[in-house]
Amino acid sequence: MPMIDIIGVHKSFGNLHVLRGVTLSVDKGESVTVIGGSGSGKSVLLKHIIGLLFPDKGRVIVDGQELNSINEYGLNELRKKFGMLFQGAALFDSLTVWENVGFSLKQHTKLSDREIKDIATEKLSLVGLKDVEDKMPADLSGGMKKRVGLARAIAMNAAIILYDEPTTGLDPITADAINDLIVDLRKKLGVTSVAITHDMHSAYKISDRIAMLYKGEIIETGTPAQIKNTTNPIVRQFITGSATGPITAE
Amino acid sequence: MRCFVALVLEFQEFIYNQLETLGRKTSAIVTQIGAVLVFLGQTLRWTFSRPFYLKNLLKQMEQIGFNSVPVVLTTALSTGMVLALQSYTGFKRFGAETLIGTVVSLSMTRELGPVLTGLMVAGRAGAAMAAELGTMRVTEQIDALSTLATNPMKYLVVPRFVASTLMMFFLTTLGMIIGIVGGYFVGVKVLGTNPVTYINNSIDYTEVTDIWYGLIKALVFGAVIGLIGCYKGFHTEGGAEGVGKSTTGAVVISCMLILILDYFLSALLW
């Protein structure tokens, strides 16, 4: 049974039909990256997986539970299995770095502040950060914020990690360091991952499988090697970053 | 003739367009009112259910209440003093200067205390709430809270709503006292009214119910400030510009509602 099963999901916002019957499944321990242009519905799809949005039609099943049919308590219990890295890291700017990383532990466990800070320090060292525990998010660089966001995502030993544009807005070296970190975390923790990105370098590096979302539908899935050698003109144009082809710039 | 028909058709189209715009705007306003009421229902529901974020509540009480003290003190003191001065000018014309104390204490308790405190708190704390929550919304911090299995309504909205309601009660009490003291200072020390008569008239004609009416208004205004500030912030869209719009909207709507509700509450608590 797949860890994440998205079946025929449709979602509209007013007159805008964003998802038009998306079907995608992710096995336990697998790393799947959804690629697609801006406005193709990638973020909307990711938000469906963690129950921030619900489909107008279709089903989303995570770890055997259908998101549409569970109550708020059940949804929160399910969310404890998730970690999510947001595009802009989404760190709470009124809390210190260690309070951000240990937020879930503070809310959902009876651990003391001392113990939470120790765990936060350990998770921060896993993402390559030292001596930043007492800093505020505003004092960190973009790359450091992403690392702290990643440390927060793995603080509760998540079984599924969602990455929303993990390398967007970073310089190429920092972006590659984040990619290495994602690969490394997967090896160490064996988590299931879903990433959305339009950075092909990142997609090839972190994925077992890549799915292309275009005009609200998954038009192709395959391993990085299969995607590199695709004959689909839309996917071909996207991965080569060509301005000419069936996809037109908005 | 053809020209006349064209003119009539154009006029007809203009009327249709105007009616359509009016209908769309009315529909949008009704939808907004409905959404605010649903938001209020959710807030009340989460106010009385566990877990309670006491630390967040205390922090908000400090930000909304304690930090608003200087602005409320200045406004109340100035209003009490000006009221005494203006009443004296008018009352002197028919020899009723001794009633200044009554006017000041009745106005401050029933009307000016809650309304002016409400307007000041809406401008200061309501704007801050909308801006903070709005920024959290556009930077996905509110979504992040949800993904960390924490209810943002409970964690962010309830503490602000409760703190705003409670602190308006205390700030208004303070405003009433300071306004009356300011009026006394001007009436007795500056204008030379007899202090005993001033105090007696203030006490004799001000009833405990006048104070309670003012404080009931304060509680309602506090709830309005918290509700609108959080609603506007929570539903912010569109980056920095959206945050600006939400902040302005929160202050304007809160102030308008305070003034509108003030009339109805005054009529109800007559």
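**Figure 1. The two domains of chain B in the predicted model.** The centres of domain 1 and domain 2 of chain B, taken over C-alpha atoms, are separated by 32 Å. Domain 1 spans residues 1-49 and domain 2 spans residues 53-268 of chain B. Seven residues from domain 1 of chain B and nine residues from domain 2 of chain B take part in the contact. On the side of domain 1 of chain B that touches domain 2 of chain B, four residues are nonpolar, three are polar and none is charged.

**Figure 2. The cis peptide bond between Arg50(B) and Pro51(B).** The omega angle of this bond is about -5 degrees. Pro51(B) belongs to the loop that lies between α1 (2-47) and α2 (54-65) of chain B. In general, most peptide bonds are trans.

**Figure 3. Contact between chain A and chain B.** Chain B contributes ten residues, which are in contact with 15 residues of chain A. The side of chain B that touches chain A consists of three nonpolar, five polar and two charged residues.

**Figure 4. The open antiparallel sheet of chain A.** Four strands of chain A are arranged in the order β2-β1-β4-β5. At the edges are β2 (16-26) and β5 (65-66) of chain A, each of which pairs on one side only. Five bridges connect β1 (residues 4-13) with β4 (residues 57-62) of chain A, in the antiparallel sense. Opposite His10(A) stands Lys57(A) in β4(A).

**Figure 5. Asp63(A), a residue with positive phi in a loop of chain A.** Asp63(A) lies between β4 and β5 of chain A, and its phi is near 50 degrees. Is Asp63(A) exposed or only partly exposed? Asp63(A) counts as partly exposed because it has 16 C-beta neighbours inside 10 Å. In general, most residues other than glycine have a negative phi.

**Figure 6. Asn157(A), in the loop between α6 and β7 of chain A.** This loop runs between α6 (142-154) and β7 (160-164) of chain A. The phi of Asn157(A) is positive, near 55 degrees, in a residue other than glycine. Asn157(A) is exposed because it has 12 other C-beta atoms within 10 Å.

**Figure 7. Strand β7 of chain A and its parallel partners.** Five of the five residues of β7(A) are buried, and the strand is mostly covered. Ile160(A), Leu162(A) and Asp164(A) point one way from β7(A), whereas Ile161(A) and Tyr163(A) point the other way. Strand β6 (residues 82-85) of chain A runs parallel to β7(A) and is joined to it by four bridges. Within this pairing, Leu85(A) stands opposite Tyr163(A). Strand β8 (residues 192-197) of chain A also runs parallel to β7(A), through five bridges. The bridge partner of Asp164(A) in β8(A) is Ile196(A).

**Figure 8. The β-α-β unit of chain A.** The unit is right-handed and is made by β7(A), helix α7 (residues 172-189) of chain A and β8(A).

Terms used. Residues numbered from 1 in each chain as written. Chains lettered and ligands numbered in written order. Predicted model: local features only at pLDDT ≥ 70, side-chain atom pairs only at ≥ 80, totals over all residues. Contact = placed C-beta atoms within 7 Å. Nonpolar A, V, L, I, M, F, W, Y, C, P; charged D, E, K, R; others polar. Pairing = 2+ DSSP bridges. Helix = DSSP H or I, 4+ residues; strand = E, 2+ residues; numbered from the N terminus. Domains from an automatic or database assignment. Buried ≥ 20, exposed ≤ 12 C-beta atoms within 10 Å, placed from the backbone. Right-handed = clockwise from strand over helix to strand, strands pointing away.
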